[in-house]
Amino acid sequence: MLLTLLNADVQGAIFYKIMRVVASQSGGVYFLYGYGGTGKTFIWKTLSSDIRSNGGIVVTVASSGIASLLLPGGRTTHSKFSIPVPTTHNSTCNILQGSDLAELLKMTKLIICDETPMCHMFSFEELDKSLKDIMHNDRPFGGKVIVFCGDFRQILPVVPRGCWSDIVHASINASYIWDHCQILKLTKNMCLQTNVANTNSDDLKQFFDWLLDIGDGKLGETNDGYGKISIPDEFLIKDFNDPIQAIVETTYPNLLQDYSNGDFLQKRVVLASTKDVVDSINDYVMSLIP
């Protein structure tokens, strides 16, 4: 059922490419690059369902706990592979030969690592060394099929007291692993595809394109990583007395009529920069609801 929902030109092509390698178990390292809304998680669910339905084992991990919840059977990368904290260039995963985890990895058909850019490259280098040892194979990741995934426009590894250069050089694309990665790209925004019937689909596309231009550094003057971005007027709320009231009324129009409508609430969100602002917005909304 999930397979029929993939768009054939991009998602379907990536699905069959990975499945051919999984079927042959010839090994391979891939990086699926795509911004939010292009359907990365949907591909993971489809791959996992297809392989597991035929008795195969798929290990799904993500760099953060929240991201791992979106994956079928997902765990955090550090938890699943027993990656020590902190990681160094000499450390390895705490996986013993003959252990249950080692035997599981030997039988695994596919390893999926989501939100890879958030994780320090040493974590994946440790996994590479450990899998080579477990599989007695000097090929990348012991000859296993592994797919990394993420968007480098989003959060990069956190390097305590590190400068911008330290953060960039801690990312996976600064590791020797990157030389072995085959790059796959998702470019079609599936969120826009599902909203083609809406009258505001052009506005949505304009907004997504604007966000991508910010991430690609196309807006603002040439800078060293810090720049001034002019926000278009159509994205701003200018006429207000109480900012929280204005944000709530704009994001949740007719709230008193629809506050018990799950579909209405699921399609709206207020992104706040601090917990104090979150509390203020929540308190205001709760004061309105009977």
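Predicted model: local features only at pLDDT ≥ 70, side-chain atom pairs only at ≥ 80, totals over all residues.
Author: Contact means that heavy atoms lie within 4.5 Å.

Reader: Which residues does Ser 123 touch, not counting residues up to four places away in sequence?

Author: Under that condition, Ser 123 touches His 78, Ile 83 and Thr 87. Ser 123 itself lies in helix α6, which covers residues 121-135.

Reader: Is Ser 123 buried or exposed?

Author: The general idea is a cut-off: a residue is called buried under 20% relative accessible area, and exposed over 50%. Ser 123 has a relative accessibility of 1%, so it counts as buried.

Reader: Where is Ser 171, and with which residues is it in contact?

Author: Ser 171 sits in the loop between α7 (164-168) and β6. When neighbours within four places in sequence are set aside, Ser 171 is in contact with Met 121, Leu 156 and Pro 157. Its relative accessible area is 2%, so Ser 171 is buried although its place is in a loop.

Reader: For the protein as a whole, what share of contacts between residues at least 6 apart in sequence joins residues at least 24 apart?

Author: The share is 66%. As for burial, 37% of the 290 residues in the protein are buried.

Reader: How many helices and strands does the protein have?

Author: There are 13 helices and six strands. To read the strands, begin with the general idea: strands of a sheet pair through backbone hydrogen bonds, either parallel or antiparallel. In this structure, six strands form an open sheet, the pairing is parallel, and the order is β3-β2-β4-β5-β1-β6.

Reader: Which strands stand at the edges?

Author: Those are β3 and β6. Each has a single partner strand, so one side of each is left without a neighbour in the sheet.

Reader: Which strands does β2 pair with, and over how many bridges?

Author: β2 runs parallel to β4, and six bridges join them. Within this pairing, Val 59 has Ile 111 in β4 as its bridge partner. β2 also pairs in the parallel sense with β3 (residues 75-76), over two bridges. There, Val 61 stands opposite Arg 75 in β3. Five of the six residues of β2 are buried, so this strand is largely enclosed by the rest of the structure.

Reader: Which residues of the largest nonpolar core touch the most other members?

Author: The general idea comes first: in soluble globular proteins, nonpolar side chains tend to be buried together. Here the largest nonpolar core has 25 residues, and those touching the most other members are Ile 14, Ile 18, Leu 32, Ile 43, Trp 44, Leu 47 and Leu 110. At least two residues of this core are supplied by each of α1 (8-24), β1 (28-34), α2 (40-53), β2 (57-62), β4 (108-114), β5 (145-150) and β6 (181-186). The largest share, seven residues, comes from α1. Another core, of 24 residues, lies apart from it, and Cys 113, Leu 127, Phe 141 and Cys 181 are among its members.

Reader: With which residues is Ile 14 in contact, leaving aside its neighbours within four places in sequence?

Author: Those residues are Leu 32, Ile 43, Leu 184, Lys 185 and Leu 186.

Reader: What is the phi of Glu 115, and what is that of Arg 161?

Author: Glu 115 is not a glycine, yet its phi is positive, at about 50°. This residue is placed in the loop between β4 and α6. Arg 161, also not a glycine, has a positive phi of about 55°. It is found in the loop between β5 and α7. Its relative accessible area is 83%, so Arg 161 is exposed.

Reader: Finally, how many positive and negative side chains does the protein have?

Author: The protein has 24 positive and 31 negative side chains, and the centres of these two sets are 9 Å apart. The accessible surface comes to about 16800 Å², and carbon and sulfur atoms account for 55% of it.

Note on methods
Residues numbered from 1 in each chain as written. Heavy atoms only, no water. Helix = DSSP H or I, 4+ residues; strand = E, 2+ residues; numbered from the N terminus. Buried < 20%, exposed > 50% of the residue type's maximum accessible area, 1.4 Å probe, protein only. Areas by Shrake-Rupley, 256 points an atom, 1.4 Å probe, with all protein chains shown as cover. Lys, Arg positive; Asp, Glu negative; His and termini not counted. Charge placed at Lys NZ, Arg CZ, Asp CG, Glu CD. Core = buried A, V, L, I, M, F, W, Y, C linked by side-chain atoms within 4.5 Å. Pairing = 2+ DSSP bridges.
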